[in-house]
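Hi everyone, thanks for coming. I'd like to walk you through a structure that may be new to you, so please have a look at it first.

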Amino acid sequence: MTPLYILPLQTAPEVIDRIPSGYSNFVIPFVVGISFMLIWLTVGLFRLMAKIPARDRRRLWKSFFIPKIALKNIRDLFCDCLFHTKIWKRKPLLGYMHSAIAFGWFMLIVLGHLEVALFVPKHLAWTDGGLFYPIFYRFFVWINPGHVSLRGWFFFFLMDFFLLYVLTGVGMAIFKRFRSIVLGMRHTTKPSLADRIALYSLWLIFPLRLLAESFTADLSGGSFLTVPVNMLWHWIFGNNLYFMPVWWAYSICLGLFFAAMPFSRYMHILTEVLWILLRNAGLQPSHPRKGVAEAEIYACSSCGLCLDACPMNVQKKNLKYSSVYFIRFLRRHNEKKINDIADKCLMCDKCHALCPVGVDAPALRRAQRATVNDSLCYDYSYLQNRVPAPEANDIVNVATGISDAPEVMYFAGCMTHLTPRIIKSVEKVFKAASVNYVFADRDGGICCGRPLMLAGKTSAARETISANRKMILDSGCRTLVLSCPICYKIFKDEYNLKGIEVLHYTQYIKRLVEQGRLKLSSCDERLVYHDPCELGRGCGVYEEPRKVLSQVGTLVPAAKEGDESICCGGSLGSLTLDARDRAKITESSLVNLVANNPQTIVTACPLCLMTFSGPALDTVSHNSGEEATDVKVKDFAEVISQRV
Amino acid sequence: MIYEGKQKIWSDYQKDIPDDHYFYVRSCIRQSFFPASEAAFLKITRQELGKDIFETEHHTTCGGIAYHSDTIPQETAMTIIARQFALMAKYGYENYVCSCITSFGLYCETMETWREFPELEAKVRENLWKTCKLEFAKPKVLVHASDLIYKYRNLIAAQAKHKLVNVHTGRPLRAVEHIGCHYSKMFPSKGVGGAEYPYVLVGMIEAWGGEIIDYPERRHCCGFGFRQYLVKGNRGYSLSNTHKKFESMEPYQPDLIITNCPGCPYFLDRWQYVIAESTGKTYGENGHGIPVLTYEEVAGLVLGYDPWDLGLQTHQVGPEPLLDKMGIEYDPARKFLGKDGKDIGRPESCMYLK
Amino acid sequence: MGRLYDLLMKDYRLKEGLNACINCGTCTAICPAAEFYRYDPRKIVDIVQSKDEEEIEKLLKSETIWYCGECMSCVTRCPRKNAPGLIVMALRNLSIELGYFVESEKGRQQCILTKDLCANILDYGYCVYPRRFDYAGHPEAGRVWEWEEKHLDDVFERLGGNLDGGGPGAMRRIPQEDLDELKRIFDETGATERMEKVRAAGLRKAAEMGLTEEEFMQKIYTDSDPKHLNR
Amino acid sequence: MKNNILIIGGGPAGLEAASGLQRLGYNVILIERSSMLGGHLASWDRLFPDGVSARGTLKGLLAQMDGVKCFTDTEVRSINRLEKSYNVILSNGITVLADAVLVASGFDLFKAEKKEEYGYGIYDHVVTNADLEAWFNAGPDSDTRIDKPKRIGFVHCVGSRDEKSGCRSCSKVCCATAVKQACEMKQAFPDAQVYCFYMDLRMFGRHYEDLYLSAQKDYSVRFIRGRVAEVSENVDGSLLVKAEDTVAGKPLKVTLDLLVLMAGMRPSAAGKRVGKLLEMPMEEDGFFAVRDGILAGQRSGLPGVFLAGAATGPKTLPETVAEARAAVVEIDRYLSDIFPNVKNYKTLVRERW
Amino acid sequence: MVDFGFGLVPSSRINLDLFDREKFEALAALEPDVRKCMACGSCAAVCTAGKFVRTSVRDAIEELFNAHPDKALDLLKSCQLCGKCTMVCPRGINTRHLILSIAKIYGTK
């Protein structure tokens, strides 16, 4: 076959191919380093792929050819890997830093190769140093005085420009090590040994590159950055500059960096690519360490954004339980620590929501818990026959069958049964809107299975799910309304109730209001809405409750809202967090809510309601001055029912 | 164990036992299974102690077992008891001596109830008059037959032919005492030595040269439990409770068990047989059981009566090891002979219990 | 106040036996039945003093009240001067009065107990009568009893007994006039009535279970459901 | 000329009242039956809930006694009531003309041997709370009954809440004492297993519940809800203890090396004698009756006779001391009413200003 | 062996001498809260599974103390970890983790 085009192999007139062999000893460190890394990567990649179930692998290949996913891949690769848009959005300075290093370096490499392609194309060939030549291009060629074209100057400029760009990034990175808060991070990760080696060599690479290129700038060309520096050297050292040492140093640093890379956080630079592909293909980790999970944990850049995100970290002692360290120990296969950390987490999903590369640490934690807890003994045989189908008097004429079966089934769930005021309110609202509903678990049903899921007792959870599922499908209702986000999450994700719409009562009440079935009176009460983890980050329900609430009162914002909201501390996610530590979290969560002195805190989760109503409330009230001393905690339904 | 501590308690629980003129009432179970014991008792009180003790053929059961098996109403039992009292009065006695612990307990309970609820006593008087044309007088003193032997234990010791001492080693024999539950558990003050550390049998053993041993389950019931034994389906209860006692006394290696309740010796004796035959376990030395004797039998042996006259052959657990230790001569050949040497065969031997 | 509780309170054994219980458990701690049956006398006393009609009725129909051995060890120890043993007797009495006893396996046993014991008393004046104590029905009585049974007269003669003889002595024949008096006492004080009541209830139950009286008697004499025993 | 006040009983109540009245300038005579002051406090080691030293507390009380005339080994022989005061003849021959009498006769510990089924004085390893305190005081080898126990049991309500031993009421302090001693034993024998047999844990006071919680958490004391029914001795001298675990509803047995009986508070016999001499009203439980449980808790039925401390029922130490102070005020009121023109130090002071 | 038609009956008396202290210490190390229970019964009162089968953390803890781990496991095998008991426990015991820990220590043979 004939190639699309053939490179013009002769050197362009602008440059002198100083060393035709295209080789010099100083490249050895770099070559060794990068070869080691490449071999390591390829082997790793194959091992990883092997661990992924065949079905998933096929799914992955297919995904490349599905336009929608392919496009998403490209967008994510640029936005996440190079521009770090996620970080930009949240912390611009930090975003700049990351993108400067990532994108800047990427451009240096690309441009380097372009130059070679344009001026000494034959050296792109592996045999002629293709592996390293483009990296050290400036060393191997001298400009041909008098022949330098605009094209050349343009490249000189670009190269210097991006080098400067990177250097500013590196500068910030170094600064961040010492004063992270300025870049908006209260806590930063403690680097491991490999991290340090890679980190310091990374810091050195670009200053050394500047050094090296500036030493040769008068011979091999340069621009606004390298040329002046070159003059400086001449002014200091006189005419003939001995430039070998700096190129050696530069090569050594590169070599070191690549050699350390596989063992350091910088692995993420490359793994991230794979992770994005897997993620977008919709693959889920089946094991906390193998296959997809491996890509995921190596995609973590240990940037430490999750440290500040984690609500547990109101107490410094809890830092060690943050996702970044969980993933680090997963890499190191430190079982004891892995389990401790996995069990401690509240599963509020905030670290996941804020992660620049979308690493789903909670999912990994759940998988980890499953490895221990799923095998624990249990016996749910009683569920088969014992789950009570809703009582006849609850259903509006069952006799005539599905057709006039109630439109709505209300499932309160375990926690709601501990907060009768929610049940009362919901029923009041339903009656006010004359909703034809059936109360599935009026006199106690069984658990939704979410708590079991969170605890990693997956198969046990499946049993409760199927029991509930049967009961719901038998009832013949078309809409299922839940007052507990914990239930809602699992009913939505795991139950697959064909033909039944699953709604949280905040959503359903909003609908009732929009349909005009529910008339609400307004008042000037200052309300603040707390986003329950499972409802907000868990199911993406942020707007509905706010829309309705803004109709009945003045909605004031909390300090942090939406996917930034702080878990109430009552979460069923944590297995080992004790009451004291939870109280601390509750306090911080409340402090966050009362930032704008609301009169009432409104939540839409029985668990939050109970947690907030506890002793923590007083402490906060007292702390936050006069006007907030009598802040009340109410449930969404409660507030609404008082306004119908 | 601190002996002085017990002595203090014993001194707190002394009861007055009349010196003479007793009206004797038999026990259903004693008569059925240990007729010789009651015979021995009468012989001792009459001949050895020279007391006047009267028995009439007209007295009957007190109905205790039926009452405690919940087959007759309380009023019925009380009226039967009233009838017994009436007989005593009729024959001019006022010291009531009963051979049965269940009866003893029931008499105590009845009189206590009458004290608290006089209307009930009146009702019973009426019943008795209606049915038997009898008037009753409550006994001046109510004692159990073992109380009498206790009272005269030292006199008996004085006439002793044998002591409760191992003639080979010279050591006192180690005796376990078992008191019938209804002796003092309901009314501690009614029993010699009270409910926790009854002295009635301990006193005998000590007086006759033996050494009493106190073991953890001493106070525990023998397991009769009335309906719990009488109905076959319930006998596991009875057996298990006795088993518990034997397991508890085993480490003390007792030489004999002495009892003052009619039923208990039967159960402590027969359940050893059942345990042996159904599990192979025996509690005495080399395959023997622990001999279980009534206090009358022990007294009889001490006074030198012939073991076969005392009816020791009707125990399933052979008394021979004890007799040997006490140095009592006996003729094995005569063990199972009838009156005047009549041959009436002998029981088949057991599989495990010697 | 509840009906059943009032009926119970008529029983002198309850009047004597029940003061306020503090649920301390001393009774259960030393109860011979509590160790081998699903039995807790403390709970029984607690139920009775709760005066909860429903609970009391359940109790009267239950197996529970039939586990007690009436050794009265509980009476010694109760710090509140209760007598759980007497309370159980009162409960049994009422359960029989109301015919509830046949509802439980253990309760049903009253049929055979009443039949045999009352017969012994009325026929002989004794609760236990050796000629009616057969080795076949009492294998635990041992080889020695097997032998005695065969030679009862000789054995009693040898041991100075007076089996069925005139005058006083062990197992003498009690004169007829005395037995007649016993009979009259039975009639007057409700024992006879009780016997008939129990028999009638037994027959009803037997019919219900599709058994003849003999089969029924045999069954209740030997049956023992493992559910009575503690795990 | 000052008023004479006779205080009967040299326990915490007597001492505290004596020093208080002395301060007010009265002429205080305190008599104590035994040879040393301090009552039961003198024989105790540490006090619940904070483990304060009993010795130190007693020292504190004694420190303020100067000026008070104390007669130890002294009892009341006779008391005659005059129209305003009492003529008291003491066993040491002295006669006191007392304008007011304070009866602070305290309590006796229940005689544990009366609970026969527990075998105190019969089994080798059964002791009482008082024995244990004495042992704490005297050191490891002072009591042969306490011999490196591995399994220790505490029985609450011994002689309390028990009609059979003639005391229906609760002795109030035993629960806290038992829990305190349980922890102390665990300190003394760290690898011992400690059980507490209780019917209700009456940890009513401040810090008491904390004591209970720490006993569970830090000393892993096992609390069993059930009254011990029977104790017996095994062949090896260890104890077999039977109770019902009323939470599980099952009979329970355990082998122990040491059993501590929480003997309750009974009215003091000596106190009763004084009560008889005075013909002072006494309640069914044997403790003295007060005129009004709320407003006149320190006044007896008789004029000029006052009461403080455990003489009127079981009390904790703080309550006793508080009552003693209350008695001081009551007596002072009474005397200034009855003897308006007697010049006590206090009244002199009042006149000066 | 002779068959009498009846035999010895198993004893149900709790014998604290059989209490496996080491194993319990292991549990307490995993979840120290186990010591804090005061047997109030709130957990059993609200239990979701308790509506259908006998389930009680309180009784389970008691059974552990009483040397019956098998019964303890039995009382918890129906638990759905819904967390109601944790919410109502007056001593703030982390019942859910306790239940898991009991299964870990005593459940795995």
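Let me start with a question: what volume does the largest cavity have? The answer is about 260 Å³. Please keep in mind that this is a predicted model, so every value I give you is computed from it.

Who surrounds that space? The largest cavity is lined by 22 residues, and the closest to its centre are Gln216(D), Val221(D), Arg222(D), Phe223(D) and Phe65(E). Two chains contribute elements here: β13, α5 and β14 of chain D, along with α1 (21–30) and α3 (57–65) of chain E, each provide at least two lining residues. As for how one finds such a space, rolling a probe the size of a water molecule over the atoms shows where empty space is left.

Let's stay with the chain D part of that lining. Strand β13, residues 193–198 of chain D, runs parallel to β14(D), and four bridges join the two. Which way do the side chains of β14(D), residues 222–225, point? Arg222(D) and Ile224(D) point one way, Phe223(D) and Arg225(D) point the other way, and all of them are buried.

Now over to chain A, where there is a sheet to look at. Four strands of chain A form an open sheet with parallel pairing, in the order β4-β3-β5-β6. At its edges stand β4 (437–439) and β6 (501–504) of chain A; each has a single partner strand, so one side of each is left without a neighbour in the sheet. From one strand to the next, the twist averages 25°. Helix α25, residues 505–514 of chain A, packs on this sheet and touches β3, β5 (479–482) and β6 of chain A. The direction of α25(A) makes about 95° with that of β6(A). Looking at one strand pair in detail, β3 (residues 408–411) of chain A runs parallel to β4(A), with three bridges joining them. Within that pair, Met409(A) has Val438(A) as its bridge partner.

Next, a single residue in chain B. Gly318(B) sits in the loop between α15 (295–302) and α16 (320–326) of chain B. Is Gly318(B) buried or exposed? Its relative accessible area is 10%, and buried means under 20%, so Gly318(B) counts as buried. Leaving out residues up to four places away in sequence, Gly318(B) touches Pro291(B), Lys335(B) and Lys354(B). Lys354(B) is 36 residues away from Gly318(B) along the chain, yet their C-alpha atoms are separated by 7.2 Å.

How many helices and strands does chain C have? There are 15 helices and zero strands. Its C-alpha atoms fill a box of roughly 55 × 40 × 40 Å along the principal axes. Of the 231 residues in chain C, 64% are buried. Among the contacts in chain C with a separation of 6 or more, 65% come from residues 24 or more positions apart.

Finally, how do the chains meet? Seven pairs of chains touch, and the pair with the most contacts is chains B and C. Chain A does not touch chain B, their nearest C-alpha atoms being 33 Å apart. Chain A does not touch chain C either, and there the nearest C-alpha atoms are 19 Å apart.

Notes: Residues numbered from 1 in each chain as written. Chains lettered and ligands numbered in written order. Predicted model: local features only at pLDDT ≥ 70, side-chain atom pairs only at ≥ 80, totals over all residues. Heavy atoms only, no water. Pairing = 2+ DSSP bridges. Axes fitted to C-alpha atoms, helices over the stretch in contact; angles between N-to-C directions. Contact = heavy atoms within 4.5 Å. Buried < 20%, exposed > 50% of the residue type's maximum accessible area, 1.4 Å probe, protein only. 1 Å grid on protein atoms, 1.4 Å probe; cavity = no way out; pocket = protein on both sides within 12 Å on 5 of 7 lines; lining within 4 Å. Points joined across faces, edges and corners; volume = space filled by probe spheres on them.
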